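User: Please take a close look at one part of this model, and then connect it to the features around the rest of the chain. Keep it brisk.

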Amino acid sequence: MAEQQVLLTVNHLKKYYPVKGGWFGRVTDYVKAVDDVSFQIRRGETLGLVGESGCGKTTTARVILQLQRPTAGEVILNGNDLCQMQDDQLRSLRTQMQIIFQNPYTSLNPRMTIGAAIAEPIIVHGIAHGNAAHERVAELLTMVGLNRYFAGRFPSEFSGGQRQRIGIARALSVNPGFVICDEPISSLDVSIQAQIVNLLKRLQDQLGLTYLFISHDLRMVRYISNRIAVMYLGKIVEMGQSLDIWKKPLHPYTQALWAALPLPDPELEEKRQRIVLQGNVPSPINPPQGCRFNTRCPRVLDICREVEPPLRELEPDHQVACHLYDWPQ
Ligand SMILES: Nc1ncnc2c1ncn2[C@@H]1O[C@H](COP(=O)(O)OP(=O)(O)OP(=O)(O)O)[C@@H](O)[C@H]1O
Ligand SMILES: [Mg+2]
């Protein structure tokens, strides 16, 4: 990937949470929530991050933004390695990166008018004050499809979809270039989901935003993303162009995720062979040796139980971590 096109580079990112046990509350183990994750995002593109619950998507988001410090690795945004920065240095960079949360009901302070909530980051970062701040709030409300005169109302007066629009306005208030959307639609009614996704797409075009779009809804991720990264137990197992991942998934885990989706055509659905995943997701405290997917993989080989497969580029811009591709096909 050409350097000037890259907005975000994540290198060997790890986040291990200590687990305390025994009588003396000593650290006995670690939850390996994110375990050696690397990827890049180009300016103006959307990278979708998908995987089952607990695979480490939110933790990846939090450590990228340095809301929690990673255990190891690099996060380079616009040429700055965020992991090396002190908190006060990071403060000025916070305007460049924002997050939209999953739950619009808990992410807004119920005692604050939505105008004050949207104005807060603008004032904290010294972007505007007084009338200029008011005007900016009105502009943001209109931009996300809400009435500018709603500024004096409280969150309880709005529906879930409207609250998510408010959350988006708040995130965009400081003019970030990079926005992480962490399951921004999963708590909303299906009828509202498409509206919010379309709003995010329109804002991306209008403002030239770069997104990391986190979701377990594969169809939605495919719709909004240029590229997709598939995560399993703290690791990326496959990454590539959206269409390639959709049409020709290489990793048995990605294949199983796709196969779990119902097909719109009932005749095709009838004929299709489903790959059903066996068992539960293993614990990230003691992940399986070798390939982490080996305990559930329908195509497991002996080597998979011993040697961890590296993420390798098998086709242009399509990487996979799987021993099935160790030999030329
Ligand atoms: N603060 C924490 N302390 C200890 N373990 C944590 C902490 N936060 C997350 N974890 C663990 O890290 C793993 C990854 O969690 P994370 O929330 O990143 O998953 P996720 O992919 O976002 O899941 P979901 O789809 O449910 O949102 C889980 O096993 C979780 O229990
Ligand atoms: Mg999450």
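Analyst: Gln204 counts as buried, at 10% relative accessibility. Buried means under 20% relative accessible area, exposed means over 50%, and partly exposed is in between (1.4 Å probe, protein chains only). Gln204 is found in helix H6, residues 190-207. Helices (H or I, at least four residues) and strands (E, at least two) are DSSP runs, numbered from the N terminus. The side chain of Gln204 reaches out to Gly44, where the backbone oxygen is 3.4 Å away. A polar contact is a pair of N or O atoms within 3.5 Å; within protein, one must be able to donate a hydrogen and the other to accept it, and residues adjacent in sequence count only if both atoms are side-chain atoms.

The model is predicted: local features need pLDDT of at least 70, side-chain atom pairs count only at pLDDT 80 or more, and totals for chains, interfaces and linings use all residues. Residues are numbered from 1 along each chain as its sequence is written, chains are lettered from A and ligands numbered from 1 in the order written, and side-chain values use heavy atoms, with hydrogens and water left out.

Next, the ligand. Ligand 1 is surrounded by 13 residues, and the closest are Ser53, Gly54, Lys57, Thr58 and Thr59. A residue is near a molecule or strand if one of its heavy atoms lies within 4 Å of it. Ser53 places a polar side-chain atom 2.5 Å from an oxygen atom of ligand 1. For Gly56, a polar backbone atom is 3.0 Å from a ligand 1 oxygen. Thr59 has a side-chain N or O atom 2.5 Å from an oxygen atom of ligand 1. On its own, ligand 1 has 640 Å² of accessible area, and the protein covers 62% of this. Accessible areas come from the Shrake-Rupley method with a 1.4 Å probe; for residues, only the protein chains shown count as cover. Strand E2 (26-42) and helix H1 (57-64) are the elements that give two or more residues to the shell. H1 gives the largest share, three residues.

Now the aromatic rings. The whole structure holds six aromatic pairs. Rings of Phe, Tyr and Trp (its six-membered ring) pair if their centres lie within 6.5 Å; planes under 30 degrees apart count as stacked, over 60 as edge-to-face and the rest as tilted. Trp246 and Trp258 form an edge-to-face pair, 5.1 Å centre to centre with 65° between the planes. Trp246 lies in helix H8 (residues 242-247) and Trp258 in helix H9 (residues 252-259), so the pair ties together parts that are 12 residues apart in sequence. Trp246 is partly exposed, at 25% relative accessible area, whereas Trp258 is buried, at 10%. Ring pairs also link Tyr232, Tyr253 and Phe293 into a cluster.

Two lysines sit over rings. Lys201 lies over the face of Tyr223, 4.1 Å from the ring centre. The charged end of Lys32 sits over the Tyr16 ring, 5.8 Å from its centre. The test needs NZ of Lys or CZ of Arg within 6 Å of the ring centre and within 35 degrees of the ring normal.

Last, the backbone. His12, a residue other than glycine, has a positive phi near 45°. His12 lies in strand E1, residues 6-21, and is partly exposed at 49%. Asn175 also has a positive phi, near 60°. Asn175 is in the loop between helix H5 (160-172) and strand E7 (178-182), and is exposed at 55%.
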